Amino acid sequence: METNQITITPEITIPKGNFDFLMEATHNEQLYLGCLNAEKCMMTDYDTCLKNIRRTIEMLGIELEKWSRAEQQGISPDEALRSIFIDLKRAKSHKGSQKERRRISKKNFYIRHVVDFEKKDHEEYTRKQIAAFTEDYANVYPTAVNDGKKKNKSFRDIAYDIYARCSKPLTDKGSATKEDCANLIRLFHGMLCLLNYVQEPYDPELTPMDDYFPVPYEYYDELNLIKGVNSKIYVSPDGNTFYMLKRKDIDYMDILNPDIYRERMRELSMLDTFWGRLGGIIGYGEHPVLEVGTHDYRRAVYKFAGRPQAMTKRFIEGLDKKSMREELSRGLIRLIRIMHEPVPSIPHGHLNPECIYVCEGSRGLLPYIVGFEDVKPDPVRGDFPDRNMLDDYFNLIDMQKFTAPEIRNLSPGDEVDLKSADIYSLGKLIKYIYGRDEIKVRDYVDELIVKDPEARPGIVEASRMYDDEVVYFEPTVKMGDDVLTEFRLLIYSAYHGFEDHRINDTVTIGRMFSSSGKDIKVDSPIASRTHGRFVKTDSGFEYIDMLSTNGTFINGVLYGAQRAGHPEPKKLKIGDILKIDHPEFLKAHRNAILMFVLGPSEHRMKERTIDITEGMVVSVGREPTDVTLANNRVSKRHARFVVKDGVLYIQDLNSTNGVYVNGNKIESAEPLNAMDCIRIVDYVFIVTGDKIRYFAE
């Protein structure tokens with residue numbers, strides 16, 4: 001990734017601020033970062049912003065002097081830079097005269113080369129650019145900061161004045177203003193463009209704030225984002241973490257309608273409360289709602305659990321798997337419960353797809369409410385200036401169908417039950433999510449969208465009805481002959497417990513460990529130094545035993561041992577179990593290595609244990625049970641472990657996706673022994689001594 005870019009997708013890169021052209025023009029990363037740091041502080045710390053511009057000006061002086069000396073003295077740029085630092089060090093010492101100290105300084109380098117640039121015989125287009133820049137500067141700052149009578153008429157005068165204005169915070173703390181920062185950043189940007197002979201207009205929409213960088217609006221459609229009112233989506237420098245920033249205080253409030261200001265502050269307060277509760281309930285700890293900025297320009301920063309996507313028709317059509325639609329529907333039910341259950345409650349009243357973002361995080365699909373605006377359209381006018389306004393009008397009318405009829409027909413003085421209105425909107429949203437498959441939820445939706453608000457169920461009842469009336473989830477990971485492009489390899493050993501690996505390319509496994517990081521080390525004397533290899537092919541993944549001493553068991557069949565002689569590749573599929581064990585032992589050895597081929601997952605998991613005790617009954621399922629598994633393909637009450645007369649059993653409770661013991665689906669209660677493997681969807685349980693070990697959220 002380039003220093004001056006944020007890569008969102010292979011096709012989309014976002015520039016870091018307005019000074020990214022410097023990297024290409026100068027290849028000086030420090031100079032670019034100095035400008036970037038100044039721009040990042042422009043709305044949050046005015047003094048620091050100007051100090052960073054001053055520091056960047058000094059770095060610019062060194063950069064210009066470096067190339068000048070290299071050209072004049074016929075030396076390399078590195079040698080020229082070393083000579084500059086030697087001169088600067090000598091000038092600071094008492095050996096240099098006062099005149100020499102003034103001549104050899106970072107500031108003097110900057111001024112001298114700006115003057116040299118001004119004296120050059122430029123082409124006509126550049127002269128016009130210089131004249132336009134000088135006029136722009138003179139309009140903003142008619143007189144010099146150090147001399148009220150001096151006019152900023154020349155490039156040299158402007159160079160002095162920028163440096164002087166950016167030096168004020170050094171002697172007068174708190175003297176910088178928001179207007180100074182905005183103007184000087186823009187004007188310094190124009191000066192750098194001239195000095196580097198580039199044409200880059202300054203775009204306020206690309207101004208970063210602290211460590212967040214705005215996503216340009218032209219990428220919103222490609223990323224399926226909403227162009228929200230009074231809010232904007234930002235991204236972290238690594239391109240993986242997304243934020244929403246909403247204005248806290250409004251500039252020039254005296255010209256705004258006080259009612260508008262109060263409404264915006266009310267919405268922010270609701271979002272603060274709502275997102276705080278959301279983070280606590282879904283277990284997403286890193287969910288900050290921060291306030292950044294200075295007294296006259298503050299924003300609230302909200303962090304998403306993944307890349308936010310608008311709940312548009314295009315997004316809904318991409319949910320081609322039934323379980324994903326049910327997962328999103330359950331997320332919306334959870335959102336409304338979060339709004340309704342606390343005291344005081346925060347009902348919405350105008351829920352619709354345009355105020356909802358959906359993130360695909362480590363816990364699956366997570367919907368967020370990001371706006372509380374009223375979607376009631378203004379009266380239609382016959383003099384629309386363009387087609388876009390007409391499209392917006394009819395889009396608002398389309399959004400109105402999600403609003404309860406008692407709110408759409410609300411008259412002044414009427415009172416409505418906003419909680420009941422949310423239930424109506426929930427029914428419409430679930431119908432919207434299922435689309436062409438709405439017949440599967442028709443009976444459920446009809447219960448929610450009745451016209452009589454008092455006849456609608458509460459959110460707790462609506463949640464129970466969804467569980468009872470909507471069919472169970474279908475598997476999202478298919479087994480069989482589908483091409484396996486990547487998978488999770490979950491490895492278990494007695495010494496290290498569970499280790500989770502993501503396999504998307506050829507990888508070798510064994511006791512030998514390569515410094516390249518592409519190999520997987522297993523610490524067991526039973527494994528050979530290079531035991532086997534997972535090979536990626538056009539038709540999926542294959543496992544090849546590398547003529548190991550003890551071979552590899554794949555679903556109970558021994559492959560590749562020198563004494564058994566089965567070196568042929570074995571095609572893998574989801575659900576396969578591989579074991580490295582001594583082939584002559586009747587029972588699994590304590591040093592055996594178990595490997596499980598599972599579907600890809602972004603869930604963050606860790607090892608957990610269940611103590612085996614006489615008479616215990618431990619239920620496993622998706623609902624709050626003894627062992628809760630946060631996966632939509634796990635049934636509400638999926639299975640249970642039972643100890644009876646000293647024997648441990650696993651029982652399938654008529655689950656949709658079944659229970660597998662050592663790779664075989666069970667039909668009734670199955671007795672378990674040490675090192676037996678139980679798989680429930682993508683979760684693995686292993687019996688070890690007096691404990692059951694498993695890997696889950």
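The questions and answers below walk through a predicted model of one protein chain.

User: How many helices and strands does the protein chain have, and what share of its residues is buried?
Analyst: Helices (H or I, at least four residues) and strands (E, at least two) are DSSP runs, numbered from the N terminus. Counted this way, the secondary structure comes to 18 helices and 32 strands. Buried means under 20% relative accessible area, exposed over 50%, and partly exposed in between, with a 1.4 Å probe and protein chains only. Of the 697 residues in the protein chain, the buried share is 49%.

User: Among contacts with a separation of 6 or more, what percentage joins residues 24 or more positions apart?
Analyst: Contact here means heavy atoms within 4.5 Å. Among contacts in the protein chain with a separation of 6 or more, the share from residues 24 or more positions apart is 57%.

User: L22 sits in helix α1; is L22 buried or exposed, and which residues does L22 touch?
Analyst: L22 lies in α1, residues 21-26, and counts as buried because its relative accessibility is 0%. The C-alpha atoms of L22 and L192 are separated by 8.2 Å, although the two are 170 residues apart along the chain. Leaving out residues up to four places away in sequence, L22 touches H27, L31, Y32, C35, L192 and N196.

User: Which way do α7 and α9 run relative to each other?
Analyst: Axes are lines fitted to C-alpha atoms, for helices over the stretch in contact, and angles run from 0 to 180 degrees between N-to-C directions. Helix α7 (residues 124-140) packs against α9 at about 165°, with the axes 11 Å apart. Angles under 35 degrees count as roughly parallel, over 145 as roughly antiparallel, 65 to 115 as roughly perpendicular and the rest as oblique. So α7 and α9 are roughly antiparallel.

User: Which residues does α9 use to meet α7, and what is the handedness of the crossing?
Analyst: From α7, the residues Q129, I130, F133, D136, Y137 and V140 meet N183, L184, R186, L187, G190, M191 and L194 in α9. A crossing is left-handed if the near helix is turned anticlockwise from the far one by less than a right angle, and right-handed if clockwise. For α7 and α9, the crossing is left-handed.

User: How is α8 oriented against α9?
Analyst: The axes of α8 (residues 155-171) and α9 (residues 178-195) come within 11 Å and cross at roughly 140°. Residues of α8 in the contact include F155, I158 and R165, and they meet a set in α9 that includes D180 and L184. At that angle, α8 is therefore oblique to α9.

User: What is the relation between α3 and α6?
Analyst: Here α3 and α6 (residues 106-119) pack at about 65°, with their axes 7 Å apart. Among the residues making this contact are I57 and L64 of α3 and F109 and Y110 of α6. The two helices are therefore roughly perpendicular.

User: How many aromatic pairs are there, and which residues form a cluster with Y137 and Y141?
Analyst: Rings of Phe, Tyr and Trp (its six-membered ring) pair if their centres lie within 6.5 Å; planes under 30 degrees apart count as stacked, over 60 as edge-to-face and the rest as tilted. The count by this rule is 19 aromatic pairs, including the tilted pair of Y137 and Y141, at 5.5 Å centre to centre and 50° between the planes. Y137 is buried at 0% relative accessible area, and Y141 is buried at 8%. Ring pairs link Y137 and Y141 into a cluster with F117, F133, F155 and Y197.

User: Where is M675, and is M675 buried or exposed?
Analyst: M675 is in the loop between β29 (670-671) and β30 (677-680), and its phi is near 70°, a positive value in a residue other than glycine. With a relative accessible area of 16%, M675 is buried.

Technical notes: Residues numbered from 1 in each chain as written. Predicted model: local features only at pLDDT ≥ 70, side-chain atom pairs only at ≥ 80, totals over all residues. Heavy atoms only, no water.
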